Amino acid sequence: MTEFLIETQGLRKSFGKVEVLRGVDLAIPRGEVTGLLGTNGAGKSTLIRCLLGLLRPTGGTASLLGCTSWELADAEKSRLGYVAQEVQLFASFRVRDMVGYTAAFYSRWDANLVRELLERWELPESKSCGVLSAGERQKLGIVLALGHRPELLILDEPAASLDPQARRLFLESVLQLAADGERTILFSTHITSDIERAASHLAILQGGVVRLHSDLDGLKDRVKRLRITGGGGRLKAEDVPGVLKWSEQGEVVQVTTDRYSPDLPQRLHEQRGVEVLVEDLNLEDVFLAFH
């Protein structure tokens, strides 16, 4: 039986009359690194806060590590790592004080890993948290979340304030943490290249629901753009399975499908007498195809 470390069923969350989450179904098994992609305002942060028990759902269920999110005990919380969009630090503390304060909450703190990350990310231990830049605050927040090598790591736009070099170092750290296949990671982002570099799976949040949850390799094999010529108006949308987008310009029909199979071009040629050119899509194109 598959063990899901993150699971929601029909999860809904409203703020007054505004319904942000409208029935989210999501199940992430142990060892999966999932990038959560959505436009600004899609509800990514709301979903994450419901998962962590920071917001009470309006309806449906949310659970982490097999426990109801709203009722997480200290034992479950000790297995979690979390980085918010805006990292909260004690301004009067130095970096080393913030590390020591956080380490005191965890029995399995990896001081060597933390020291290595601080050096790699050029965060002086003597520097005051109150004068850290936004990027430095984000780096320190990530270090503190990784320090106890959490079984489940949840990150909300973790690279938003990082420069390209720091973002690359962060993604390398995520990959190293997940290398044993036992760590489960969910990170929200609007940067598709980060998902392509670090994630094994993609979840797209749109309209308050998870529109797609798939492994990346299978997704790229399945979602293609077809440039179809010679149909002479005979080609219909129902001739192509899984149509996401359809446009016509003269005799050329351009179709994006999420149910491509290698035999589809030949089948369309035989049935409708058309010629089909198949185009691979990058992750950004795939994301746009679902909007």
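How much space lies in the largest cavity? The answer is about 30 Å³. The model examined here is predicted, so that local features need pLDDT of at least 70 and side-chain atom pairs count only at pLDDT 80 or more, while totals for chains, interfaces and linings use all residues. Residues are numbered from 1 along each chain as its sequence is written, and side-chain values use heavy atoms, with hydrogens and water left out.

Rolling a probe the size of a water molecule over the atoms shows where empty space is left. On a 1 Å grid over the protein atoms alone, a cavity is a set of points where a 1.4 Å probe fits but cannot get out, whereas a pocket is an open set with protein on both sides within 12 Å along at least five of seven lines; lining residues have an atom within 4 Å of a point. A volume is the space filled by probe spheres set on the points, which are joined across faces, edges and corners.

By this rule there is one cavity of 30 Å³ or more. Its lining includes Glu157, Pro158, Phe170 and Asp194. Strand β8 (residues 184-189) gives the most to this lining, with three residues; strands (E, at least two residues) and helices (H or I, at least four) are DSSP runs numbered from the N terminus. By class, the cavity lining divides into five nonpolar, two polar and two charged residues. Here Ala, Val, Leu, Ile, Met, Phe, Trp, Tyr, Cys and Pro count as nonpolar, Asp, Glu, Lys and Arg as charged, and the others, Gly among them, as polar.

The largest pocket holds about 850 Å³ of space. Among its 26 lining residues, Gly81, Tyr82, Val83, Thr102 and Tyr106 are the closest to its centre. At least two residues of the lining come from each of β6, α3 and α5 (134-146), and β6 gives the most, with four. The lining has 17 nonpolar, seven polar and two charged residues.

The second largest pocket has about 280 Å³ of space. Of the 14 residues that line the second largest pocket, Ser78, Arg79, Arg108, His148 and Arg149 lie nearest its centre. This lining has three nonpolar, three polar and eight charged residues.

One residue of the model also deserves a look by its place. Phe90 sits in the loop between β6 (80-83) and α3 (95-103). Phe90 is partly exposed, with a relative accessible area of 37%; buried means under 20%, exposed over 50%, and partly exposed in between (1.4 Å probe, protein chains only).
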